[in-house]
Amino acid sequence: MNIREVEDQYILQTYAKKPIVITRGEGVHVFDDRNNRYLDLYAGHAVCSIGHCHPKLVKAISDQAKKLIFFSNSVYNDLRAEAAQLVCKNAYPASSAVFFCNSGTEANEAAIKIARRATGRPRVIAMETGFHGRTIGALSVTGNPKLRGDFPQNLDTLTDFVPFGDFEAVEAMLSPDVAAIILEPVTSVGGVRIASRKYYDSLRELCTGNGTALIFDEVQTGFGRTGKMFAGLHWNVEPDITTAAKGAGGGVPVGMVILNEAIRSAPAPGEHGCTFGGGMLAMAAVKATLEVLLEEKILAHAAEMELCVREELGNIPEVLAVTGKGLLLGIELDCPAKPVIEGLLEKRILVGGCDKPNQIRLLPPLTVQPEHIREFAAALAEVLAAARQLV
Ligand SMILES: Cc1ncc(COP(=O)(O)O)c(C=O)c1O
């Protein structure tokens, strides 16, 4: 049996997979089992933000694996202390404490639980196209009906869904029993979009006035993806609770909830926990990833690369718009994205799709260089031209 057959037989079939076997990565490239090289503009779903197998990250986790792979939160640890301090100092100005877990969905579950505990209120306002994870609690605030399906019928009765970017809709839903408003500051899976500065400002003001926690799900946007360490910094809007995961460990699983001073004492000791949260391998990864982002000035680079993408794609007539921020970008096409994504794969370029049928998503390693973007633009133009010939 070949590798694909073995996976298909023994792994639950919940993913649509590309027909390739990836065995190794280096920088912005990954390689298949026949040593073919692919330009990775997808980063394993916005995860490998500092590039595949960055030497500093590899060294940090290898060294740590020889020293101590894991011990739980029932003891103190020097590396956990350093990583937590580094996260709080580099997140939002009022970030005061962090809770470590393993994934984005766990982080969002914790955020909602903490907001309910802090306010003593039950309800949550979330976005119709939002995505916050696959567990029942995270799904209960995930607006996207394709992802929520029929699962949490019993839980989403506590959620009101409103269109992203529509402040009046939020205002209309707000009541004294709303614990939190949760949103991705730049939406991604539901289609890449940002709202106006006024929208973020108004949400902040509304939450403060109503004693409601503002939760930014920065699972995708956090750790530099949009060209700032966290996306709200683009608008100087600070949430009460921030969740992060994906890029936070450079590929090593880690999730986190970052809390400001006012809300950090909401959960009493013992009220929340996570066995693997704050484990040493993950902490080594978080510390190394943050250091690389800062030392190599990768945030400013990501912002520059956004401009490069916009410039290179500006000349392609079938590209109707480029949406998003930094290196979380949506490319709006005048035709369906799926065959274009497949055409790019044939040219050994990996990109993502999303819920908008005409949108390609770019989520490359933040270390991507102008020559890679030019290579992508040339390939995209060719694939689109070939698609036009077929019509
Ligand atoms: C914005 C956002 N929140 C939460 C999640 C869930 O994260 P995880 O798959 O790590 O549970 C995702 C995953 O794509 C996401 O994009």
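**Close-up views of a predicted model**

Lys246 sits in the loop that joins strand 11 (241-244) to strand 12 (255-260); strands (E, at least two residues) and helices (H or I, at least four) are DSSP runs numbered from the N terminus. This is a predicted model, in which local features need pLDDT of at least 70, side-chain atom pairs count only at pLDDT 80 or more, and totals for chains, interfaces and linings use all residues. Residues are numbered from 1 along each chain as its sequence is written, and side-chain values use heavy atoms, with hydrogens and water left out.

**View 1. Two loop residues with positive phi.** Lys246 is not a glycine, yet its phi is positive, at about 30°. Asn35, also a residue other than glycine, has a positive phi near 70°. Asn35 lies in the loop between strand 2 (29-32) and strand 3 (37-40).

**View 2. The shell around the ligand.** The ligand is surrounded by 13 residues, and Gly104, Thr105, Asp217, Gln220 and Lys246 are the closest; a residue is near the ligand if one of its heavy atoms lies within 4 Å of it. Helix 5 (residues 104-119) contributes the most to this shell, with three residues. By class, the shell has two nonpolar, eight polar and three charged residues. Here Ala, Val, Leu, Ile, Met, Phe, Trp, Tyr, Cys and Pro count as nonpolar, Asp, Glu, Lys and Arg as charged, and the others, Gly among them, as polar.

View 3. A backbone N or O atom of Thr105 is 2.9 Å from a ligand oxygen atom. In the side chain of Gln220, an N or O atom is 2.9 Å from an oxygen atom of the ligand. A polar backbone atom of Phe131 lies 3.4 Å from a nitrogen atom of the ligand. Of the 390 Å² of accessible area that the ligand has on its own, the protein covers 83% (Shrake-Rupley method, 1.4 Å probe).

**View 4. The contact between two domains.** The domain assignment, automatic or from a database, gives domain 1 (3-53 + 297-390) and domain 2 (55-295). Their centres, taken over C-alpha atoms, are 25 Å apart. The contact (heavy atoms within 4.5 Å) takes 30 residues from domain 1 and 31 residues from domain 2. About 2,500 Å² is buried between the two domains, and carbon and sulfur atoms give 61% of this area. Buried area is the accessible area (1.4 Å probe) that two parts lose on being put together, summed over both.

Definitions and conventions. Polar contact = N/O pair within 3.5 Å; in protein donor to acceptor, adjacent residues only side chain to side chain.
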